[in-house]
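User: I am new to this structure. Please show me how to read its features, one at a time.

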Amino acid sequence: MDKKNIAILILPDVQLLDVAGPTDVFHTANEIVKKAGYAAPYELHYLSALKSETVVSNSGIKLQCDSSIYDIAIPLDTLIIAGTHPNLFANLDETVYMWLNQIYPQINRLASICVGTFLMAKSGLLKNKTVTTHWKYAGLLKSMYPEIDVDARSIFLKDGDIYSSGGITSGINLALHLVEEDLGRDITIQVSKHLVFGVHRLSDQSLFSEELPALEDMSELVQKVYHYVNAHIGETFTLEQLADAVHMSSRNFSRVFKKEATIPPGQFVEKIRLEKAKQLLAYTADTLAIISVLCGYDQVSSLNKLFDKYYNISASQYRKTFQH
């Protein structure tokens with residue numbers, strides 16, 4: 001195939017792995033193809049979103065780019081936006097968004113890693129598109145851009161010529177997918193073996209997510225319910241019991257709690273049980289039967305139903321993935 005120019009757009013405070021992961025995928029593909037006697041299929045370019053070609057990463061390491069978006073002069077096949085912190089996009093120079101809009105019609109594939117999706121969204125390129133991003137910021141993306149369908153579960157997604165991936169290491173999955181599109185399954189498997197990174201890994205990044213917001217982000221009422229449920233987590237709760245615990249009527253409690261927590265009390269309790277079960281599965285050797293009882297369930301089947309509801313896996317499968 002003709003050599004493809006792959007460019008990685010590097011923003012201030014970039015995540016190093018968002019750059020290094022895809023780089024190693026494409027570089028390894030080049031080496032494998034060259035060993036087979038063919039020309040390297042990819043040429044990698046690193047573009048600074050600044051006028052300076054030097055960009056400082058979030059870990060303080062300086063990255064020297066080939067050029068900036070203001071002086072790039074080569075035709076690109078694929079542009080990959082590496083992730084940074086979502087707060088950056090509010091203060092990013094507007095010319096970056098203008099440049100992305102100008103170059104988008106000229107490329108074959110536009111991709112993002114982690115919160116790089118926010119750059120595409122603010123540029124107006126994702127209307128009526130389905131995308132993913134880091135699970136931690138999926139809610140923020142959806143609230144800022146309600147016209148976008150945000151799938152927080154997926155590791156990576158393709159919608160037409162728009163590609164998006166979840167948190168950080170998912171950029172490797174995305175790059176492997178691009179290699180498979182270009183070079184086929186066999187080369188992709190060879191690349192994966194060389195990098196010791198499975199072609200098939202967990203396909204649902206929600207497994208890594210936290211079901212509840214940080215305690216400091218909860219309202220005073222929600223915090224009180226959280227502490228009460230945790231202190232009695234092995235028990236069965238009624239709406240009246242929860243309302244009594246915070247000295248409110250059942251009707252008023254249900255209305256106010258749902259408004260402040262954004263979910264009903266019953267679902268809130270369920271998520272507390274789920275987080276407790278995840279901790280026990282990962283950090284203890286307790287049997288599933290014991291963990292079920294500790295989390296307020298009489299049977300293991302009830303615990304498995306909980307994990308199937310949120311993650312489409314069983315409790316034992318979760319343990320195999322995360323147990324220390």
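This is a predicted model: local features need pLDDT of at least 70, side-chain atom pairs count only at pLDDT 80 or more; totals for chains, interfaces and linings use all residues.

User: Start with a strand. Which residues of β7 lie on one side, and which on the other?

Analyst: The general idea comes first. In a regular strand the side chains alternate between the two faces of the sheet. Now the case here. Strand β7 covers residues 109–112. Arg-109 and Ala-111 are on one side, Leu-110 and Ser-112 on the other. These four are all buried, and both faces of β7 are covered.

User: In which sense do β6 and β7 pair, parallel or antiparallel?

Analyst: Parallel, over four bridges. Strand β6 is residues 78–81.

User: Which helix goes with β6 and β7 in a β-α-β unit?

Analyst: Helix α2, residues 94–103. The β-α-β unit is right-handed.

User: How many bridges join β7 and β11?

Analyst: Three, again in the parallel sense. Strand β11 is residues 162–165. Here Leu-110 stands opposite Ile-162.

User: Now a helix. What span should α1 have, and what does the model show?

Analyst: At 1.5 Å a residue, the 20 residues of α1 should span 28 Å. The end C-alpha atoms are 28 Å apart, so the two values agree. Next, look at what follows the helix. After α1 comes Gly-37, with a positive phi near 95°.

User: Which residues of α1 are buried, and what covers them?

Analyst: Among the buried ones are Asp-18, Val-19, Val-25, Phe-26, Ile-32 and Val-33. The cover includes strands β1, β2, β4 and β6. It also includes helices α5 and α6.

User: How do I read aromatic pairs, and what is the count?

Analyst: A pair of aromatic rings is described by the distance of the centres and the angle of the planes. The count here is eight aromatic pairs. Take Phe-26 and Tyr-42, which are edge-to-face. Their centres are 5.0 Å apart, with 65° between the planes. This pair links distant parts of the chain, 16 residues apart. Phe-26 is in helix α1, and Tyr-42 is in strand β2. Both Phe-26 and Tyr-42 are buried.

User: What about Phe-307 and Tyr-311?

Analyst: That pair is tilted. The distance is 6.1 Å centre to centre, and the angle is 55° between the planes. Phe-307 and Tyr-311 both lie in helix α12, four residues apart, about one turn of the helix. Both residues are buried. Look also for clusters: Phe-253, Phe-257 and Phe-268 form one.

User: Where does a charged end sit over a ring?

Analyst: Go to Lys-51. Its charged end sits over the ring of Tyr-70, 5.9 Å from the ring centre. Then find Arg-273. Its charged end is over the ring of Tyr-297, 5.7 Å from the centre.

User: Last, Met-120. Why is Met-120 called buried?

Analyst: Compare its accessible area with the cut-off. Buried means under 20% relative accessible area. Met-120 has 0%, so it is buried. Met-120 lies in helix α3, residues 117–122.

User: What does Met-120 touch?

Analyst: Its contacts beyond four places away in sequence include Ile-81, Leu-100, Leu-125 and Leu-126. Leu-110, Ser-112, Ile-162 and Tyr-163 are also touched. Finally, compare sequence with space: Met-120 and Tyr-104 are 16 residues apart in sequence and 10.0 Å apart in space, C-alpha to C-alpha.

Note on methods: Residues are numbered from 1 along each chain as its sequence is written. Side-chain values use heavy atoms; hydrogens and water are left out. Buried means under 20% relative accessible area, exposed over 50%, partly exposed in between (1.4 Å probe, protein chains only). Helices (H or I, at least four residues) and strands (E, at least two) are DSSP runs, numbered from the N terminus. Two strands pair if DSSP finds at least two bridges between them. A crossover is right-handed if, with the strands pointing away from the viewer, the path from the first strand over the helix to the second runs clockwise. Rings of Phe, Tyr and Trp (its six-membered ring) pair if their centres lie within 6.5 Å; planes under 30 degrees apart count as stacked, over 60 as edge-to-face and the rest as tilted. A charge sits over a ring if NZ of Lys or CZ of Arg is within 6 Å of the ring centre and within 35 degrees of the ring normal. The expected span of a helix is 1.5 Å times one less than its number of residues. Contact means heavy atoms within 4.5 Å.
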